[in-house]
Amino acid sequence: MNATAPATFYRVFALAVLGFIVMPLAVIVWVSFFSNKILSFPPAGYTLDWYTRAWERPEFREGLFLSLQTALFASLSSLAIGVPASLALTRYKFAGRDIVTNILLSPMVVPGIVGGAAMYIFYIEFEVATEVQVAGTLPGLFAAHLLVALPWTIRLVTASLIGIDHSISEAAASLGAGPVTIFFRVVLPVIKPALIASALFAFVASFIDLEKSLFLVGPGRTTLQIAIVSYLEWNLDSTIAAVATVQIAIIAVLLLITNRYAQLNRAF
Amino acid sequence: MSEIVLSDVCKHYGEVVAVQSTSLRIGEGELVTFLGPSGCGKTTTLRMIGGFVDVTAGRILVGGTDVTRLPPAKRNMGFVFQNYALFPHMTVAENVAFGLEMRKIGKAEIADRVKTALSRVRLAHLADRLPKQLSGGQQQRVALARALVIEPTVLLLDEPLSNLDAKLRQEMKTEIRLLQKSLALTTIFVTHDQDEALSVSDRLVVMSAGKVEQIGTPRDVFERPASAFVADFMGFTNLVPVKVEGHGRGQLRNGMAIAIDKESPIRGEGLLALRAEHMSLSSKPVSSDVNTTEATIEALTYRGSFVDYLVRLDDETRLQVRGEAQSPFAPGQRTFVAWQPDAGTLVAAGQA
């Protein structure tokens with residue numbers, strides 16, 4: 001009896017923590033179907049109206065498309081830059097390697113609002129110096145989101161490359177493979193789960209970013225997160241819950257698809 | 001022709017000398033084992049031959065061709081790694097086919113040769129498995145098939161048996177040796193296990209601290225170690241200080257005159273290497289053509305079919321002597337240690 005008391009306690013505690021994590025998500029999904037005019041409890045009835053309403057508002061529609069577009073760009077470009085960078089960081093010993101690694105990971109630890117402001121100021125100064133406008137342009141936004149995504153790619157791909165047994169590359173070499181063949185036929189397939197996972201995390205990190213976009217999105221454009229914040233300033237109804245539910249659904253589907261093609265738990 | 005010649009090959013990492021200048025000739029079809037404790041330079045030497053480690057100086061020739069500066073991909077050597085290094089995402093057949101694909105061989109021929117290679121190691125039925133679905137011994141055989149299918153000029157094996165359990169190790173040892181002989185393939189085998197080395201090799205290269213201590217047949221090395229290090233490594237449990245007087249005469253520290261090897265060039269202070277199992281204990285002195293000295297039993301360890309005694313000579317020299325299980329000695333008892341003059345090997349005094 002006494003022996004199992006701690007076990008029971010741990011079980012209850014673990015369930016409580018899980019509940020704490022899942023509850024807000026469950027509640028938001030639930031609320032999105034309430035027919036109440038303003039966000040309130042208990043539900044007066046259930047409806048799908050909030051979803052059609054959200055879709056009818058152009059800022060949500062366009063915000064969603066811009067966010068998806070930006071996230072896709074961030075995800076792919078961070079792979080294109082992050083994979084070679086990770087290879088260099090894991091394969092070669094060079095002076096300042098740790099510093100380079102930390103610089104590449106730093107966007108993860110700089111508060112988004114600070115990073116966003118800094119980028120904005122940098123873009124303006126750049127414009128002053130070169131007369132090329134970056135702030136408020138699509139490339140400017142994309143570049144900022146690359147920064148949001150890159151640390152994820154570097155982190156995951158580096159970890160995977162460190163874990164890879166170097167002797168399989170040597171085995172390939174002794175069997176007659178050159179460096180390029182070794183990379184594409186041996187290294188790449190082995191780190192594929194990490195590549196897919198990092199593409200996913202990069203996508204999500206960019207998709208949910210609010211702070212950098214806030215500074216850089218430019219007039220006449222909006223991302224989904226900005227649209228949500230501006231809507232909340234003036235309205236408090238279940239439209240927001242509907243938008244949030246769609247977001248949760250998109251990310252959940254991405255996770256499921258990814259997990260089908262790459263065992264995510266093996267990517268770390 | 002695929003003899004391997006190392007001429008004055010050495011490897012330095014900055015100030016650290018991993019392999020001292022080494023010259024060596026490994027004949028066509030010969031299996032030579034690099035034997036030594038970890039850090040002795042055996043694997044580094046093998047990796048230099050394989051092309052994974054740059055040589056600091058010296059030349060490596062295979063079949064008369066200088067390969068010193070060739071990348072591994074151009075050396076056409078079969079390399080088997082300690083952890084097998086199979087490609088985890090490829091099936092057994094794909095692993096074996098890899099080297100042939102690199103040689104731009106036609107699909108049909110690849111299929112044929114992969115099949116032959118896999119049946120040679122009795123794995124044809126597992127061609128479609130992934131490496132992780134195989135046991136250690138099976139993975140080892142895939143690694144072997146993959147290395148052999150490219151028809152390499154030489155075969156290099158880096159501790160190929162160290163990850164297998166005792167029974168499998170015995171099997172694989174025999175299998176590797178038979179395969180190597182049937183292909184008459186020049187082979188280098190790296191191990192730290194003297195038993196493995198003795199049973200598999202034509203010749204041994206015993207290394208210590210980056211230096212070759214002795215090159216010879218298993219019998220040479222086992223019976224006539226060239227240095228205190230080799231003697232110790234090959235299981236000579238006793239290295240007894242002895243003053244060599246020449247003409248086959250020597251003297252132990254306790255003053256006892258003994259007969260020793262006449263041929264040995266060693267003079268003055270030397271060490272007499274003796275195996276515990278080549279000595280015996282008795283309660284009375286034995287005949288005078290056997291070396292005998294008086295000692296006290298200090299401790300004994302029952303080992304089942306025999307007993308290991310630790311005995312002390314009067315000058316505090318300790319010896320390990322192996323006795324029969326039912327031999328009657330007890331700690332504290334006086335006894336006589338005896339050995340045949342030809343059981344001992346003289347080596348130069350130096351650190352073991």
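The axes themselves are lines fitted to C-alpha atoms, for helices over the stretch in contact, and the angles run from 0 to 180 degrees between N-to-C directions. Helices (H or I, at least four residues) and strands (E, at least two) are DSSP runs, numbered from the N terminus.

This is a predicted model, in which local features need pLDDT of at least 70 and side-chain atom pairs count only at pLDDT 80 or more, while totals for chains, interfaces and linings use all residues. Residues are numbered from 1 along each chain as its sequence is written, and chains are lettered from A and ligands numbered from 1 in the order in which they are written.

**Helix pair in chain B**

Select α2(B) and residues 136-148 of chain B, which form helix α4; the two pack at an angle of about 25°, with their axes 7 Å apart. α2(B) and α4(B) are therefore roughly parallel to each other, and α2(B) passes α4(B) in a right-handed crossing (right-handed if the near helix is turned clockwise from the far one by less than a right angle, left-handed if anticlockwise). Now show the side chains of B:V92, B:N95, B:V96, B:F98 and B:G99 in α2(B), which meet B:V142, B:A145 and B:R146 in α4(B), where a contact means that the C-beta atoms of two residues, placed from the backbone, lie within 7 Å. By class, this contact has 5 nonpolar, 2 polar and 1 charged residues, with Ala, Val, Leu, Ile, Met, Phe, Trp, Tyr, Cys and Pro counted as nonpolar, Asp, Glu, Lys and Arg as charged, and the others, Gly among them, as polar.

**Backbone stops in chain B**

Most residues other than glycine have a negative phi, and most peptide bonds are trans. Move to B:N76, in the loop between β5 (65-66) and β6 (77-80) of chain B, where phi is positive, at about 50°, although the residue is not a glycine. B:N76 counts as buried, because it has 20 C-beta neighbours inside 10 Å (buried means 20 or more other C-beta atoms within 10 Å, exposed 12 or fewer, and partly exposed in between). Next select B:Y84, in the loop between β6 and α2 (92-102) of chain B, which has a positive phi of about 75° and, with 24 C-beta neighbours inside 10 Å, also counts as buried.

**Across to chain A**

Chain A averages a pLDDT of 89, and 96% of its residues score at least 70, pLDDT being the predictor's confidence in each residue, from 0 to 100. Select A:F41 and A:P42, whose connecting peptide bond is cis, with omega near -5°; A:P42 is found in the loop between α1 (5-31) and α2 (49-56) of chain A.

Then select α3(A), residues 58-91, together with α8(A): they pack at an angle of about 140°, with their axes 8 Å apart, and are therefore oblique to each other. Their crossing is right-handed, and the contact has 9 nonpolar, 7 polar and no charged residues.

**Where the chains meet**

Which numbers of residues does the contact take from chain A and chain B? Chain A gives 15 residues and chain B gives 17 residues. On the chain A side, α7 (166-174) and α8 (179-207) each supply at least two residues, and α7(A) gives the most, with 7 residues.

Conventions:
Angles under 35 degrees count as roughly parallel, over 145 as roughly antiparallel, 65 to 115 as roughly perpendicular and the rest as oblique.
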